[in-house]
Amino acid sequence: MKFSDISKEQWDELRTYLDTCLLPVTGLAGSEAPHEAAEKLERLRDLLDLVEIPFKGRVVTYPAYHFIDDPLEAERLNRLCQRLKDEAGFRYLLVMSESVPLHTVNLPSADLIVHVGSEGLSLDSAAVRLRIAGEVGAMWQTAKNLNPGV
């Protein structure tokens, strides 16, 4: 579900079910030509579909964090992740990027980081779809095992 699809009235009712925030990271540096920026956004959209579609009803997709090209931006991104959990009230924070190797970025506030760009795999690949679904499920299951009353 997209953040813009939820009204104030709906949020109060749905927030217990929509416990996971999906934060896309485009990975623009500011040096891209318009067509290159559009291509990155299209690839990111395709990646997001792998979580938004199968987990509709539990995940809210927030606006993309577009520019990240230095360590200071990574710190800002991590603070944003923490605010989304502490202030917006999401229990889980999932960060996804198709073009940024987020595994190299320090994001301790994120519960799961998904990046497939450097693997050269097609997002249409069943292996990629299964891997991402498994990682998301494992994130929820691990938290449930740590807090059985949840």
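**Figure 1. Strand β4 is mostly covered in this predicted model.** Let us start with β4, which spans residues 92-97 and has 6 of its 6 residues buried. The cover extends to both faces of the strand. On one side sit Tyr 92, Leu 94 and Met 96, on the other Leu 93, Val 95 and Ser 97, and all of these are buried.

**Figure 2. Strand β4 pairs with β1 and with β5.** With β1 (residues 20-28), the pairing is parallel and runs over 5 bridges. To find your place here, look for Cys 21, which stands opposite Leu 93 of β4. Strand β5 (residues 112-115) also runs parallel to β4, and 4 bridges join the two. A handy landmark for this pairing is Leu 94, with Leu 112 of β5 standing opposite.

**Figure 3. Salt bridges join charged side chains, among them Glu 73 and Arg 76.** The whole structure holds 7 salt bridges, and this view shows some of them. In the bridge between Glu 73 and Arg 76, the closest N and O atoms are 2.4 Å apart. Both residues belong to helix α3 (residues 71-86), where a spacing of 3 residues separates them by about one helical turn. How accessible is Glu 73, buried or exposed? Glu 73 counts as buried because its relative accessibility is 16%, which is under the 20% cut-off.

Another salt bridge brings together the side chains of Lys 85 and Asp 111, at 3.1 Å from N to O. Lys 85 lies in helix α3 and Asp 111 in the loop between β4 and β5, so this pair ties together parts that are 26 residues apart in sequence. Asp 111 is partly exposed, with a relative accessibility of 35%. A further pair to look for is Glu 32 with Lys 40, whose side chains meet at 3.5 Å, N to O. Lys 40 counts as buried, at 18% relative accessibility.

**Figure 4. The largest pocket has a volume of about 170 Å³.** Which residues lie nearest the centre of the largest pocket? They are Lys 2, Pro 24, Arg 45, Leu 48 and Ala 64, out of a lining of 13 residues. Helix α2 (residues 34-52) gives the largest share of the lining, 5 residues. Sorted by class, the lining has 8 nonpolar, 2 polar and 3 charged residues.

Figure 5. In one of them, the rings of Trp 11 and Phe 90 have centres 5.5 Å apart and planes at 50°, so the pair is tilted. This pair links distant parts of the chain, with Trp 11 in helix α1 (residues 8-14) and Phe 90 in the loop between α3 and β4, 79 residues apart. Both partners are buried, Trp 11 at 18% relative accessible area and Phe 90 at 3%.

A second pair to visit is Phe 55 with Trp 140, which is edge-to-face, with 5.1 Å from centre to centre and 90° between the planes. Phe 55 lies in the loop between α2 and β2 (59-61) and Trp 140 in helix α4 (residues 126-146), so the pair ties together parts that are 85 residues apart in sequence. Phe 55 is buried at 16% relative accessibility, and Trp 140 is buried at 11%.

Terms used. Residues numbered from 1 in each chain as written. Predicted model: local features only at pLDDT ≥ 70, side-chain atom pairs only at ≥ 80, totals over all residues. Heavy atoms only, no water. Buried < 20%, exposed > 50% of the residue type's maximum accessible area, 1.4 Å probe, protein only. Pairing = 2+ DSSP bridges. Salt bridge = Lys/Arg side-chain N within 4 Å of Asp/Glu carboxyl O. 1 Å grid on protein atoms, 1.4 Å probe; cavity = no way out; pocket = protein on both sides within 12 Å on 5 of 7 lines; lining within 4 Å. Points joined across faces, edges and corners; volume = space filled by probe spheres on them. Nonpolar A, V, L, I, M, F, W, Y, C, P; charged D, E, K, R; others polar. Phe/Tyr/Trp six-rings, centres within 6.5 Å; stacked < 30°, edge-to-face > 60°.
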